[in-house]
Amino acid sequence: MRCPFCAHDNSQVKDSRPSEDGSSIRRRRQCEDCGARFTTFERVQLRDLIVVKSEDRRETFDRTKLERSVAIACRKRPVAQERIDKLVSSIQRQVETSGESEIASSAIGEMVMNGLQALDTVAYIRFASVYKDFREAKDFEDFAVTVAEAGRE
């Protein structure tokens with residue numbers, strides 16, 4: 001593993017343990033050259049997954065992209081990082097265990113919407129504003145009313 005501080009190729013594993021949700025292995029490493037310590041995560045990848053975007057564009061599934069979009073929706077909200085990680089891991093597991101080698105980006109978007117709806121209403125509306133391509137304030141208002149009505153039921 002390359003050191004993120006000095007780019008030296010060798011590091012020693014000082015500690016290994018499963019992550020909180022059990023979906024990865026957390027390793028504490030120490031660079032043999034500069035002595036810096038850093039953390040890495042190992043995750044199982046069952047197969048290469050292809051995300052089918054609009055206009056039939058295809059790209060490889062990228063967990064970090066999913067993490068980033070969920071984190072942006074949850075920015076400045078009282079949502080613990082652990083809960084975000086669990087949501088992302090859950091979505092990734094659903095995608096990987098679907099049995100398909102290709103999945104529509106809209107299906108992933110719906111999974112994120114469902115997860116955020118249970119996690120935080122404001123994050124849900126933020127994500128929806130991008131995912132559903134809100135163009136004006138009325139779009140927010142209509143969606144917020146729908147969310148509020150669903151919350152009362």
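1. A crossing of two helices is right-handed if the near helix is turned clockwise from the far one by less than a right angle. In this predicted model, the crossing of α1 and α3 is right-handed. The crossing of α3 and α4 is left-handed.

2. Confidence. The protein chain has an average pLDDT of 88. A score of at least 70 is reached by 95% of the residues. Among the elements, helix α1 (residues 63–73) has the highest mean, at 94. Helix α5 (residues 137–152) has the lowest, at 82.

3. Strand β1 (residues 11–18) pairs with strand β2 (residues 24–31) through 7 bridges, in the antiparallel sense. Within this pairing, Asp-15 stands opposite Arg-28 of β2. β2 also pairs with strand β3 (residues 37–43), again antiparallel and over 7 bridges. Here Ile-25 has Glu-42 of β3 as its bridge partner.

4. The β2–β3 turn. These two strands form a hairpin, with 5 residues between them. Look at Gly-35 in the turn: its phi is positive, at about 85°.

5. The three-stranded sheet. β5, β4 and β6 make an open sheet, in the order β5-β4-β6. Its pairing is mixed. From one strand to the next, the twist averages 30°. Strand β4 (residues 50–52) runs antiparallel to β5, and 3 bridges join the two.

6. Helix on sheet. Helix α3 (residues 105–119) lies across β4 and β6. α3 runs at about 65° to β6. α3 also meets two helices, α4 and α1.

7. α3 against α4. The axes are 8 Å apart and the packing angle is about 160°. Angles over 145 degrees count as roughly antiparallel, so that is the relation of α3 and α4. From α3, the contact takes in Ser-106, Gly-109, Glu-110, Val-112, Met-113, Leu-116 and Gln-117. From α4 come Thr-121, Ala-123, Tyr-124, Phe-127, Ala-128 and Tyr-131. By class, the contact of α3 with α4 holds 8 nonpolar, 4 polar and 1 charged residues.

8. α1 against α3. These axes come within 12 Å and cross at roughly 40°. α1 and α3 are therefore oblique to each other. α1 contributes Leu-66, Val-70 and Ala-73. α3 contributes Ile-108, Val-112 and Leu-116. The contact of α1 with α3 has 6 nonpolar residues, no polar and no charged.

9. α1 against α4. Helix α4 (residues 121–131) packs on α1 at an angle of about 120°, with the axes 8 Å apart. This pair is therefore oblique as well. Ser-69, Ile-72 and Ala-73 of α1 meet Ala-123, Arg-126 and Phe-127 of α4. The classes in the contact of α1 with α4 are 4 nonpolar, 1 polar and 1 charged.

Technical notes:
Residues are numbered from 1 along each chain as its sequence is written. This is a predicted model: local features need pLDDT of at least 70, side-chain atom pairs count only at pLDDT 80 or more; totals for chains, interfaces and linings use all residues. Side-chain values use heavy atoms; hydrogens and water are left out. pLDDT is the predictor's confidence in each residue, from 0 to 100. Helices (H or I, at least four residues) and strands (E, at least two) are DSSP runs, numbered from the N terminus. Two strands pair if DSSP finds at least two bridges between them. Axes are lines fitted to C-alpha atoms, for helices over the stretch in contact, and angles run from 0 to 180 degrees between N-to-C directions. Contact means heavy atoms within 4.5 Å. Angles under 35 degrees count as roughly parallel, over 145 as roughly antiparallel, 65 to 115 as roughly perpendicular and the rest as oblique. Ala, Val, Leu, Ile, Met, Phe, Trp, Tyr, Cys and Pro count as nonpolar, Asp, Glu, Lys and Arg as charged, and the others, Gly among them, as polar.
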